[in-house]
Amino acid sequence: MHFYIMTLFPDMVMNGLNTSITGRAIEKGLLSIDAVNIRDYAYNKHNSVDDYPYGGGAGMLMQAEPVYQTYEAICQKSGKRPRVVYLSPQGRTFCQTMAEEYAREEELVLLCGHYEGIDERVLEEIVTDYVSIGDYVLTGGELPAMIMVDAISRLVPGVLHNDVSAEFESFQDNLLEYPQYSRPEIWHEKQVPQVLLSGHHANIEAWRREQSIIRTAKNRPDLLKKANLTEKELEIAKKSLAID
Ligand code: ADE
């Protein structure tokens, strides 16, 4: 999968994404990331890309033309006009289902805003999706873009060593992940649950499913409505909710 990231801070994005699992996926050619510097498309001699907002108000705005020219250059390179996601607190809140949908794209453009935002006219022309990563305001769209790339990339086949782990984890079936344990068997006088040492796969699966339901009921009861639970599982969930 190929990401184009339109940004004023390409190093910030590339330094982060060239690290760890995404970095390895880039090396293996499973992902490629082009961080395109919007400042390269400034059209005045000072190389500035921001200006005062009409009507007054605090801060500066990113101007339409450099953003537009950056996208046009990306389209030239791509040969297509890829989907453009503008990272903004005004967008739809990012979630796992959206990551799954974006992972089906061959190419994706992520547009990072700065200052007080971007001239509305260029957003109207190029942006196809508005995405927020949560109800708080950051200084720019770079961290949100990196979060999106990370969440999407790990769904691209081959990026995780083990495709199964992308399948059976938090938010699969709208349940949180069950607790996990590794060696040693006893640590700080805490014993690994016996069932996990039993080698009995059906019992282990049943225990994990129950733990997922209990965790979800305690920590994210809002997710339970969307989870596919049997009558018996619903009782387990209700019991956990009642205890809390
Ligand atoms: N830019 C600034 N804050 C943001 C947020 N919460 N989500 C996405 N982009 C942003």
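Me: Which residues of helix 2 are called buried?

Reply: This is a predicted model, where local features need pLDDT of at least 70, side-chain atom pairs count only at pLDDT 80 or more, and totals for chains, interfaces and linings use all residues. Residues are numbered from 1 along each chain as its sequence is written, and side-chain values use heavy atoms, with hydrogens and water left out. Helix 2 covers residues 20–27, and its buried residues are Thr-22, Gly-23 and Ala-25. Buried means under 20% relative accessible area, exposed over 50% (1.4 Å probe, protein chains only). Helices are DSSP runs of H or I, at least four residues; strands are runs of E, at least two.

Me: Why are the buried residues of helix 2 said to line one face?

Reply: Seen down the helix 2 axis, they fall within an arc of 160°, so they line one face. The arc is taken from the directions from the helix axis to the C-beta atoms. The face turned away carries exposed Ser-20 and Glu-27.

Me: What do the buried residues of helix 2 pack against?

Reply: Helix 1 (10–17) and helix 6 (142–153). Contact means heavy atoms within 4.5 Å.

Me: Which residues of helix 1 are buried?

Reply: Pro-10, Val-13, Met-14 and Leu-17 are. They fall within an arc of 90°, so they line one face of helix 1. Asp-11 and Asn-15 are exposed on the other side.
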